Amino acid sequence: PDLRSPSYAAHLARFVTTLTLDDVPSAVLAKAKVTVLDTLGCALAGRGSPASQAALAVKCTMGGTPEASLIGVPEQTSCVNAAFVNAIMAKCYDFDGPQIGGHNAPILIPVALALAERDGRSGRAVLEGIVAGVEVMGRVAKALGPEHQVPHGFHSTATTGVFGATATAGKLLRLDATQMTQALGIAGSCVGGTEAYLQPGGAWTNALHCGKPAADGITCALLAREGFTGPRWIFEGIDGILQAYAPRGTTDPAALNDRLGAAWYFGDALIGYKRYACCGSMHGCLDAFAALLDAHHLDPDAIAEVTTWSNFHNYKFNCVPR
């Protein structure tokens, strides 16, 4: 990297720390509010799941100062533990809405709510933190490129989520631009998570890929507030995230700050709410199948074989291993 110029992390940090709701288009703000409701509904549905109960049991044994609520559970724990468990609750049944850069709502909303409850922040501050986190997470995902996930094997929700969570946490903690830059650098040491959860057997690490970034993001922001440092050039350079976590020649570093504050990842085209409890890449096929059933009144016993055409991402989710 050119060490004489501001790093990409510094550009993102300046955007996050100066963002106010007055800068956010009304359509983006409306989408953010509905997404909060959608995520709370997903968490309430998921609170009794085996994955959520396991996460709750582990965190309860760890203790922690009661400072943030668990969704639908009449007890409190530390903000880090609350964000971890609430994120798993919101993700475990896979009903959370898809977003560019992975599933950001079940990560960022628990982070914002936990810190807002602990520090007495307003609903306005919560929304600012969520929108800031979505922008950072989406841009990191676009910069890493699609081959970072398919076929390279990383799960973008986990790998980009920690940067979004750190931005959301830093916004709620009122970090300055220098501290936010350091926090994003620290977050680079928390990147991880592969799509091995797709293997037969129903691995729950898909939900962990929301819980862990949520907890890590708060930790990274708190460390930066106390003066802990991270690499300022965490994205670019020979040891940066883009070099380390994506195939050579497939990244787009300029996406990290291109039209930052003018083009919004929380826009109408880049978020959805799920009809089916599975990856959004499968929903088109499911809609088409439902339409065929309605149009032709198909009898399942009369179907000998089903052939579909799909993209590689959907193929990987449904057909690997054969």
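These legends walk you through several close-up views of a predicted model.

In this predicted model, local features need pLDDT of at least 70 and side-chain atom pairs count only at pLDDT 80 or more, while totals for chains, interfaces and linings use all residues. Residues are numbered from 1 along each chain as its sequence is written, and side-chain values use heavy atoms, with hydrogens and water left out.

View 1. The structure holds 0 disulfides, a disulfide being a pair of cysteine sulfur atoms within 2.5 Å. Such a link is a covalent bond between the sulfur atoms of two cysteines. Take a look at Cys210: the closest cysteine sulfur belongs to Cys92 and lies 10 Å away, which is too far for a bond. Cys210 is buried, at 0% relative accessibility; buried means under 20% relative accessible area, exposed over 50%, and partly exposed in between, using a 1.4 Å probe and protein chains only. Cys285, at 33%, is partly exposed.

**View 2. A salt bridge between Arg118 and Asp119.** Here the two side chains meet with N to O at 2.9 Å. A salt bridge is a side-chain nitrogen of Lys or Arg within 4 Å of a carboxyl oxygen of Asp or Glu, and the structure holds 8 of them. Arg118 is partly exposed, with 26% relative accessibility, and Asp119 is also partly exposed, with a relative accessible area of 26%.

View 3. Follow helix α9 (residues 205-225) to find Asp216 and Lys212, which sit 4 residues apart, about one turn of the helix. Helices (H or I, at least four residues) and strands (E, at least two) are DSSP runs, numbered from the N terminus. The side chains of Asp216 and Lys212 form a salt bridge of 2.6 Å, N to O. Asp216 counts as buried at 16% relative accessibility, whereas Lys212 is partly exposed at 40%.

View 4. Arg275 is exposed, with a relative accessible area of 61%, while Asp287 is partly exposed at 34%.
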